[in-house]
Amino acid sequence: MRSEGIYGIYRGFGLTTLIQSPASALWWGTYGAAQYTIWRSLGYRDDIEKKPSSIEMVSVQASAGLVAGALSSVVTTPIDTVKTRLQVMDNYGDGRPSITKTAMTPLAYFYSPNFPLKL
């Protein structure tokens, strides 16, 4: 609060809202598509007479959730990492860290010629 004021508390909030909305849309879309595909592969098409068991329902829902969560995480984790770095970075004397500088720092580290040696 002393160095950045109220802005420091909400650093990264804009990126959070930009990340979470598409991530949620991606999750729900993938979840629905995965459920549809799994049910079709199990032979449940448009037959009203054929009812799935409770175990089948839970298994399909869990599998679809796993697929949706994995895809959503793969897409949003890099952006979320930049957001988290912005939130926890201190003021290094160069002014407030920018999104571009924060995103480029890990990329420069990973793509450097001596990357495996730096671990």
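**Exercise 1. Find which residues form one aromatic cluster, and sort out the stacked pair in it.**

Start with the cluster: Trp 27, Trp 28 and Tyr 31 make it up. The model is predicted, so local features need pLDDT of at least 70 and side-chain atom pairs count only at pLDDT 80 or more, while totals for chains, interfaces and linings use all residues. Residues are numbered from 1 along each chain as its sequence is written, and side-chain values use heavy atoms, with hydrogens and water left out.

Next, the pairing rule: rings of Phe, Tyr and Trp (its six-membered ring) pair if their centres lie within 6.5 Å; planes under 30 degrees apart are stacked, over 60 edge-to-face, the rest tilted. That rule gives four aromatic pairs. One of them is Trp 27 with Tyr 31, stacked at 4.9 Å centre to centre with 10° between the planes.

Now the spacing: Trp 27 and Tyr 31 sit about one helical turn apart because they are four residues apart in helix α2 (a helix is a DSSP run of H or I, at least four residues, numbered from the N terminus).

**Exercise 2. Work out how the rings of Trp 39 and Tyr 44 are arranged.**

Check the geometry: this pair is edge-to-face, 5.2 Å centre to centre and 90° between the planes.

Then check burial (buried is under 20% relative accessible area, exposed over 50%, partly exposed in between, with a 1.4 Å probe and protein chains only). Trp 39 has 17%, so Trp 39 is buried; Tyr 44 has 12%, so Tyr 44 is buried too.

Terms used:
Helix = DSSP H or I, 4+ residues; strand = E, 2+ residues; numbered from the N terminus.
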